[in-house]
Amino acid sequence: MQMAKVIGMVTSTVKVKDIKGVTLLVIQPVNSKHELLGTPIVAADVFGAGVGEYVFYAKSKEGAMNLPIPTSCVDAGIVGIIDSVHTL
Amino acid sequence: MQMAKVIGMVTSTVKVKDIKGVTLLVIQPVNSKHELLGTPIVAADVFGAGVGEYVFYAKSKEGAMNLPIPTSCVDAGIVGIIDSVHTL
Amino acid sequence: MQMAKVIGMVTSTVKVKDIKGVTLLVIQPVNSKHELLGTPIVAADVFGAGVGEYVFYAKSKEGAMNLPIPTSCVDAGIVGIIDSVHTL
Amino acid sequence: MQMAKVIGMVTSTVKVKDIKGVTLLVIQPVNSKHELLGTPIVAADVFGAGVGEYVFYAKSKEGAMNLPIPTSCVDAGIVGIIDSVHTL
Amino acid sequence: MQMAKVIGMVTSTVKVKDIKGVTLLVIQPVNSKHELLGTPIVAADVFGAGVGEYVFYAKSKEGAMNLPIPTSCVDAGIVGIIDSVHTL
């Protein structure tokens with residue numbers, strides 16, 4: 001999984017039926033020092049992560065496994081909200 | 001998923017049978033400020049997204065799950081058309 | 001999928017049995033202006049794409065779905081030969 | 001698989017149920033000379049790898065196959081602890 | 001698949017049971033001119049590829065399909081040893 005900061009939300013009317021009602025967050029990958037990295041992505045969320053919170057997310061098929069419809073065509077999903085990161 | 005702008009279309013006569021009739025868009029990944037990023041890719045579309053519109057798409061097997069033949073060898077597909085992006 | 005130019009061929013005697021007889025092309029990813037990008041990869045081909053032609057290909061499991069043995073351990077395969085690309 | 005150094009641990013209260021009790025390490029990819037590379041990731045561990053140790057890990061679905069619940073939405077997992085690397 | 005040069009071997013005592021006895025090579029991705037590219041990875045090998053030889057390998061689930069236990073959590077495996085590459 002990768003760590004990311006929640007930075008926003010996407011609204012979409014025309015979309016795959018299987019994800020109607022699923023929150024689509026815009027998240028920005030970060031390193032263990034909370035520095036922003038690379039490109040923001042759109043990830044499904046069922047934990048209610050808020051803007052400004054840090055999360056870790058899974059990519060590919062794994063990203064959808066926690067959704068109401070696990071076979072939906074989602075390739076990034078929040079796995080958990082980070083309490084803290086302990087590094088050397 | 002990643003955000004992208006639709007920038008064109010591919011035509012192909014000799015191709016995998018399973019995607020005959022499926023629209024093949026050329027899309028350019030973007031960040032949440034609509035700045036163009038990286039390399040354009042070819043993605044299948046069933047929503048009728050037009051050139052200039054912003055979409056979010058899934059990669060790998062998830063990209064094909066919304067097609068008439070979900071097991072077709074497509075590794076990128078439009079998941080929805082973006083109405084708006086709200087970021088901090 | 002990504003766009004690529006066919007730039008060569010790989011010959012291999014010692015290899016996975018499931019791909020005996022399958023053509024292994026060396027292809028170079030390109031953008032929509034036909035500019036070469038990144039690293040050439042080895043992709044399976046069943047369409048007879050020739051050196052110099054432009055193709056689009058799928059990665060991961062999707063890349064093998066069009067082969068005689070779809071479960072073979074191939075992670076990149078030609079999906080179609082490009083006739084033309086229309087961009088803005 | 002890729003080689004990495006264990007550099008820390010993530011704690012998370014709100015997370016996918018399937019990974020309750022699974023250790024979540026922060027690992028930093030390295031090359032064969034133990035030089036740090038790219039971005040640290042969060043990987044599940046069932047081997048008890050300690051901070052400072054070198055490991056190799058698998059990504060995507062393969063990363064979860066060694067967990068108590070192999071279908072959990074984890075996309076990176078430790079495959080083994082490295083004793084030594086012999087290179088030219 | 002990608003081309004790579006075999007540059008070493010990893011030894012690991014504590015590892016996933018399913019890969020006991022499988023050779024773990026350190027391979028360095030190369031382009032079609034044999035120039036080294038990017039980061040070395042750890043790939044499973046059942047062909048006896050030796051240090052200095054050129055190979056092509058598959059990533060993700062496809063990388064494990066040729067192993068004694070195809071469902072093992074390996075995400076990179078040698079598909080064949082390269083005899084020669086013909087490019088323009």
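Between chain D and chain A there are zero salt bridges, a salt bridge being a side-chain nitrogen of Lys or Arg within 4 Å of a carboxyl oxygen of Asp or Glu. What does turn up across this interface is polar contact: 10 residue pairs, both partners at pLDDT 80 or more. A polar contact here is a pair of N or O atoms within 3.5 Å; within protein, one must be able to donate a hydrogen and the other to accept it, and residues adjacent in sequence count only if both atoms are side-chain atoms.

Before going on, a word on what you are looking at: this is a predicted model, in which local features need pLDDT of at least 70 and side-chain atom pairs count only at pLDDT 80 or more, while totals for chains, interfaces and linings use all residues. Residues are numbered from 1 along each chain as its sequence is written, chains are lettered from A and ligands numbered from 1 in the order in which they are written, and side-chain values use heavy atoms, with hydrogens and water left out.

Let us stay with chains D and A. The contact (heavy atoms within 4.5 Å) involves 26 residues of chain D and 28 residues of chain A. Together the two chains bury about 2200 Å², with 62% of it on carbon and sulfur atoms; buried area is the accessible area (1.4 Å probe) that two parts lose on being put together, summed over both. On the side of chain D, the residues that lose the most area to chain A are T11(D), C73(D) and D75(D), which together account for 24% of what that side buries.

Which strands of chain D each supply at least two residues of the side that touches chain A? They are β1 (2-11), β2 (23-29) and β3 (41-45), where strands (E, at least two residues) and helices (H or I, at least four) are DSSP runs numbered from the N terminus. The largest share, five residues, comes from β1(D). Sorted by class, this side of chain D has 15 nonpolar, eight polar and three charged residues. For that sorting, Ala, Val, Leu, Ile, Met, Phe, Trp, Tyr, Cys and Pro count as nonpolar, Asp, Glu, Lys and Arg as charged, and the others, Gly among them, as polar.

Strand β1(D) also pairs across the chain boundary: over four bridges, it runs antiparallel to strand β6 (residues 84-87) of chain A. Two strands pair if DSSP finds at least two bridges between them. To find the spot in the 3D view, look for M9(D) in β1(D), which has H86(A) standing opposite.

How are the two copies related?

Now turn to chains E and C. Their contact takes 27 residues from chain E and 26 residues from chain C, and about 2200 Å² is buried between them, 62% of it on carbon and sulfur atoms. Across this interface there are zero salt bridges and 10 residue pairs in polar contact, both at pLDDT 80 or more. On the side of chain E, the elements giving two or more residues are β1 (2-11), β4 (54-59), β5 (76-81) and β6 (84-87). Here too strands pair: β1 (residues 2-11) of chain C and β6(E) run antiparallel, joined by four bridges, and G8(C) stands opposite T87(E).

Finally, visit S60(C), in the loop between β4 (54-59) and β5 (76-81) of chain C. S60(C) and A76(C) are 16 residues apart in sequence and 6.0 Å apart in space, C-alpha to C-alpha. Leaving aside residues up to four places away in sequence, S60(C) touches V74(C), D75(C), A76(C), S60(B), S60(E) and E62(E). Some chains do not touch: the nearest C-alpha atoms of chain A and chain C are 11 Å apart.
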